[in-house]
Amino acid sequence: MKLYCLSSHPSKPCHVLRFKGITMMLDCGLSAQTVLSFLPLPLVPSARLSGLPNWMPHGCSNAQLEGELKDCCGRVFIDSAPEFCVPQEKIVDFSEIDVILISNYLCMMALPFITEGTGFEGVVYATEPTLHIGRFFLEELVQYIEQTPKASLASHWKDILHFLPPPLCDSLKPRSWRHLYSLSAVNSSLSRIQMVGYDEKLDVYGALKVTPVSSGFCLGSSNWIISSDHEKVAYISGSSTLTTHPRPMDQSALKNADVLIMTGLTQTPLCNPDSMLGELCITVSTTLRSGGCVLMPCYPSGVIYDLFECLSGHLENLGLTQVPMYFISPVADTSLGYSNILAEWLSQGKQNKVYLPEEPFPHAFLIKNNRLKHFKNIYAEGFSTEYRQPCVVFCGHPSLRFGDSVHFMELWGSNSQHAVVFTEPDFPYLEALAPFQPLAMKAMHCPIDTSLNFTQGNKLVRDLKPTTLVIPESYLKPPVEAPSRTDLVIEQTDKNNIISFKGGDVLTLPLKRKRARVNLSPEVCNKLVVNEIRMGVNLATLTGQLQVKDNHHHIQVLEPSGTSNQGNNPSTKKLPRRPEETLSQMRYEWGSLDLDTFIQRLREDVGIAEAKVEQNSNGYIIHLPKEDALIIVEDKSTHVNCDPELRYKLRKVLLQCLNRI
């Protein structure tokens, strides 16, 4: 079994697994951290951003580089349409991929890069919420980029990478970065997805079966079980044991796997989600009471549903129900509406509300009472008339490089009354704020990552008891910000066989095909003759024709061979026996050699009267002095040392002394 790691980001995984002739991709996450190297794309022209001075490295006279790099408070940014770090393309030919398994909507953002223009002809499996919410994410990202097109594209900075200041000089393979796909590519890639349900067993070309089970991370999120008749591989990506709105994690199905591949652990191991949520509520209420507004850069689904619920309840307890909350996204209305019709994918508590009937999420109630208002963008009809301060604004993108969040940063950045609160863990908040410096508004980092932390991850591994654990290399080292926290790693014990990987690695996993299931036809079964070789153990031989079709093995009865009419031509040579004729005469010997019978048969059939027998720990040594022959009889083997002609006679006699079937 081979595993190819195409991503350097453990929380945006992309792996390819090759086993039993099947090439299977596990997730296709897209690392968007590369966009932090680019200047923001404002919705309206920004005098501040357009007035930033050009930056040129000392001693460089490349005229083509002019205008590509800008200086903002000592930090150099690329003035161009943002580029993304796509899964590595040269390790695996995407046209050879048979199946893509998607764990959740955050792990499918690179799907158009994989399926479009690469010759891909396979099938993609994902749950219904993953498909539809993933569509929201993809469409929102495309619209954010396309609504603010750049007149020119920068590329010459990649030629002088070693001349650039950090972090640009540390960029990983910037020549492989790609501009975003189009909306037509999104629609084409999503049309390839086949929707599946939890615990549904899917056949992959007869060789493997794949089954999605709930991971507890977000709506429709899945872990995957990949199994054959005798092997089992479990793939864990983006899982949670916390009690939130998705259906709880199913752990029982993942137990006792031969190989467990685990990715998607928390990106913020030093932060507790509950305490972060408490700090967020305090920051928001304090800012609102002082007359300021709060910007919360976010994705259009996921944790935002829980934020609506917790924050609205907190503000209500403080008597701040008059403060409006705005959710601004090109897919805001569809995201809010769709989340309320996914009862089967929700936790039991949320499902019970559906059957009362009540809306499972409080945002439906908030919308009815005008406490939560949603718009496609800031210039949508009705926004200017509804907008009032102080307020809380939820909008994208969390990177602060495109989307409506850029406009609010430009609008509120110079006012210390306002605050921006970062809840998404995907981007370092100081890096996100860098192009908006100097910044007067308050910035608060409250990352809420409900993924498994390392304590939960270690407990899960102990409970699941895999034979081999495969994890990113970074999970074996403490985080950079806390190098002494040795508890923030996956434990290595003698009981665990752990294999680690990093981006670009190709691993040979210790799982080899040892057995395969073969089906016998009724006709073959009827011809079986069972012999009892010892108490409770029966043995039967069979002869048949092995047929392999769609990775299924069948043994059928041998068809009788036709006869060839060769006439009376005396020169016609006799043809060799057909395979079925030879096989039908085969016999199999078994059992222990009866030494007395063997010596007697030697005397009667071969005429050997003198035989010396010596017993050792493994069996017998029979010496025939006159014939200069030596026969060594052991429990599981027999060796005959003599001239070839005599050896054939001795072998024949020896076989006659054994049981035959």
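Val420 has Ala443, a residue of strand E19, as its bridge partner. This pair belongs to a predicted model, in which local features need pLDDT of at least 70, side-chain atom pairs count only at pLDDT 80 or more, and totals for chains, interfaces and linings use all residues. Residues are numbered from 1 along each chain as its sequence is written, and side-chain values use heavy atoms, with hydrogens and water left out.

**The sheet**

Strand E18 covers residues 419-422 and pairs with E19 in the parallel sense over four bridges. Strands here are DSSP runs (E, at least two residues), numbered from the N terminus. Two strands pair if DSSP finds at least two bridges between them. Strands of a sheet pair through backbone hydrogen bonds, either parallel or antiparallel.

E18 and E19 belong to an open sheet of six strands. The order is E16-E15-E17-E14-E18-E19, and the pairing is parallel. Strand E16 (372-375) and strand E19 (442-445) are the edges, each pairing on one side only. On average, neighbouring strands are turned by 20° against each other, direction ignored. The axes behind this angle are lines fitted to C-alpha atoms, and angles run from 0 to 180 degrees between N-to-C directions.

**The domains**

The protein chain is divided into domain 1 (2-43 + 69-266 + 451-508), domain 2 (273-445) and domain 3 (589-660). These bounds come from an automatic or database domain assignment. The centres of domain 1 and domain 3, taken over C-alpha atoms, are separated by 65 Å.

**The cavities**

A search of the whole structure finds two cavities of 30 Å³ or more. A cavity is a set of points on a 1 Å grid over the protein atoms alone where a 1.4 Å probe fits but cannot get out; lining residues have an atom within 4 Å of a point. Grid points are joined across faces, edges and corners, and the volume is the space filled by probe spheres set on the points.

| Cavity | Volume | Lining | Nearest its centre |
|---|---|---|---|
| Largest | about 300 Å³ | 28 residues | Leu106, Phe217, Glu424, Asp449, Ser451 |

The lining of the largest cavity has eleven nonpolar, twelve polar and five charged residues. For the second largest cavity, the classes are eight nonpolar, five polar and three charged. Ala, Val, Leu, Ile, Met, Phe, Trp, Tyr, Cys and Pro count as nonpolar, Asp, Glu, Lys and Arg as charged, and the others, Gly among them, as polar.

Where does the largest cavity lie? Domain 1 and domain 2 both give residues to its lining, so the largest cavity lies between them. The lining of the second largest cavity draws at least three residues from each of domain 1 and domain 2.

Methods
1 Å grid on protein atoms, 1.4 Å probe; cavity = no way out; pocket = protein on both sides within 12 Å on 5 of 7 lines; lining within 4 Å.
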